[in-house]
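Please find below my notes on the model you sent. They are set out as numbered points.

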Amino acid sequence: MRDQKQRKAEFGDFQTPIRLARAICSLIARIGFHPVSILEPTCGTGSFLEASLETFPSVRHAVGFDINPQYVAQARQAIAHRRLGASVEVRQSDFFLTNWSEIGEALPEPILIIGNPPWITNSALGILNSNNVPTKSNLDNFRGIDALTGRSNFDISEWMIRRNIEWLNGRNGLLAMLCKTAVARKVLLYAWQKRVCLESTSIYVIDAQEYFGASVDACLLLVRSNPTNRHEERKTCPVFRSIYAQQADSVFGFEDGMLVADVKAYLTWKDLAGAGFKGWRSGIKHDCSKVFELRVEQGDFVNGFGNFVELEPQVCFPLLKSSDLAAQARKPSRYMVVPQRTMRDDVSRLKLDAPKTWQYLTEHAYLLDKRKSSIYRNRPRFSIFGVGPYSFAPWKIAISGLYKKLEFVQVSPFQGSPVVLDDTCYFLPCQSEEACNLLYELVTSAPAKAFWSALIFWDAKRPISAQLLNLLDLRALARRLGKERESAQILTEWQLLQYPERASQRLLFREETTEDEGELGTNETETAGHPTGALT
């Protein structure tokens with residue numbers, strides 16, 4: 001049973017229901033596309049092939065592929081009675097070893113490339129020890145920090161759909177693929193950045209729970225390619241709430257080298273974008289809450305194991321987490337052990353400076369040494385991340401990165417000590433209450449929220465990030481609000497306050513990106529969605 005589950009996950013083996021395949025083919029017919037050729041690179045048991053042959057009498061050639069020989073047999077059986085007037089073939093083949101250029105060139109136009117590739121990441125396949133991955137695993141040739149922290153991690157479906165779009169470049173055809181919504185956006189970003197000739201694109205939201213039993217935001221991605229209409233190339237994508245919707249609910253697009261969630265709103269507020277005054281930081285990352293996070297009982301610290309511990313007060317700081325910020329809680333109920341003040345600090349100094357804390361960490365080394373994040377590699381034992389002088393700024397403006405709302409909280413010192421935040425939070429460090437009040441007024445203003453709202457994809461796993469917050473130029477915002485003179489001195493002082501540790505913050509932002517990309521967990525339900533390594 002375990003082997004079956006692993007294989008199911010490894011190949012994203014969740015077959016597309018025939019009723020969904022038929023509804024999608026009907027949609028394609030409604031928009032006026034009538035293919036002569038059908039290509040399904042991962043056909044599974046053949047639902048899309050069957051539905052395509054039912055829906056499009058114009059089809060003269062249809063070919064499907066799957067790595068699973070049993071599915072190939074089922075697909076052949078499913079379309080056996082649909083071959084009238086068309087050449088239909090189902091082959092057993094590995095997607096990553098197939099000569100797709102040769103196959104595509106042999107198909108007459110217009111071509112419909114349709115399917116449902118696996119919804120699993122290359123890193124997840126690595127954990128499964130799977131060979132079902134492309135030879136080139138660093139999709140965008142990331143180097144250094146980006147490669148180290150896993151930014152190069154990607155969905156297998158993203159890799160496949162990119163190839164599908166490349167096959168259509170310069171040809172008359174339509175791509176119709178089921179995938180995670182985040183994957184669809186990344187594929188379009190790639191195509192727009194690479195200037196792939198696309199006539200039009202659209203996204204239709206599907207209920208993945210209904211069709212696949214999967215708790216994930218998913219969609220049908222349609223990409224139309226027509227070399228005769230190059231002048232009509234657009235870099236916008238309407239989003240429909242279902243495959244039956246007649247009108248789009250929103251339009252996202254590609255502006256200034258990035259994806260924006262609402263093109264019209266972004267064009268209204270884009271003058272606030274810039275690299276001027278910014279400074280959003282990520283909170284402290286430790287990856288072992290039972291050791292690093294403490295609560296107070298009867299005046300003593302208690303760790304996550306329920307054990308009373310005695311530590312030096314200079315390494316314990318009041319802590320707020322995302323749940324506290326979401327609840328607008330300003331009074332910390334927990335503390336964090338912070339063994340470093342900067343990333344350059346040698347933790348072993350605690351042997352002399354805070355021997356009780358050093359002993360405590362040493363006693364739990366069996367847990368701390370097993371922390372999996374790559375950012376701890378080649379670092380001193382017991383290191384944390386995202387810590388610097390900014391972590392100990394007395395005042396802060398903070399926001400949760402987990403909760404999907406633009407609500408900011410002013411954080412004041414607690415019992416004479418600066419409050420620290422964990423890495424699910426983002427914050428602006430402030431040296432005074434006056435600066436905190438002014439910056440709070442700026443970031444909670446209507447223009448600021450309108451600017452960020454134009455950029456935020458609320459269906460993303462973590463829609464708010466430090467990278468996104470830092471796209472707003474605070475000086476441009478102050479100018480827009482008529483507070484440039486009032487804020488000039490504070491912003492200048494703030495800019496002059498140099499905060500090192502940029503490298504560690506950059507690492508955290510990369511980790512953040514990776515988490516956003518990994519929208520599916522490891523349990524079976526979340527991995528659901530799709531067809532086999534050759535899928536449906």
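1. The structure is a predicted model. The remarks that follow should be read with that in mind.

2. Which strand is joined to β2 by six bridges? The partner is β3, and the two strands run parallel. Strand β2 covers residues 61-66. Opposite A62 stands V88, a residue of β3.

3. The nonpolar cores. The largest nonpolar core holds 82 residues, and I28 and L221 are the members that touch the most others. With neighbours within four places in sequence set aside, the contacts of I28 are F33, F56, L112, I114, L174, A176 and L222. Another core, of 44 residues, lies apart from the largest one; V315, V337, F392 and A398 are among its members. In soluble globular proteins, nonpolar side chains tend to be buried together.

4. Salt bridges, and the pair E50 and R22. The whole structure contains 23 salt bridges. In one of them the side chains of E50 and R22 meet, at 3.9 Å from N to O. This pair links distant parts of the chain: R22 belongs to helix α2 (residues 18-30) and E50 to helix α3 (residues 47-55), 28 residues apart. Are the two partners buried or partly exposed? E50 has a relative accessible area of 15%, so it is buried, whereas R22, at 34% relative accessibility, counts as partly exposed.

5. A bridge within one helix. R163 and E166 form a salt bridge whose closest N and O atoms are 2.9 Å apart. Both residues lie in helix α8 (residues 156-168); because they are three residues apart there, about one helical turn separates them. R163 is buried, with a relative accessible area of 18%, while E166 is partly exposed at 34%.

6. K270 pairs with D256 in a salt bridge, with 3.3 Å between the closest N and O atoms. Here too distant parts of the chain are linked, 14 residues apart: K270 sits in the loop between α11 (263-269) and β11 (281-282), and D256 in the loop between β9 (250-255) and β10. K270 counts as partly exposed, its relative accessibility being 32%.

7. S93 is located in the loop between β3 and α5 (100-105). What is the relative accessibility of S93? The value is 17%, and S93 therefore counts as buried. The side chains of S93 and T98 make a polar contact at 2.3 Å.

Technical notes
Residues numbered from 1 in each chain as written. Predicted model: local features only at pLDDT ≥ 70, side-chain atom pairs only at ≥ 80, totals over all residues. Heavy atoms only, no water. Pairing = 2+ DSSP bridges. Helix = DSSP H or I, 4+ residues; strand = E, 2+ residues; numbered from the N terminus. Core = buried A, V, L, I, M, F, W, Y, C linked by side-chain atoms within 4.5 Å. Buried < 20%, exposed > 50% of the residue type's maximum accessible area, 1.4 Å probe, protein only. Contact = heavy atoms within 4.5 Å. Salt bridge = Lys/Arg side-chain N within 4 Å of Asp/Glu carboxyl O. Polar contact = N/O pair within 3.5 Å; in protein donor to acceptor, adjacent residues only side chain to side chain.
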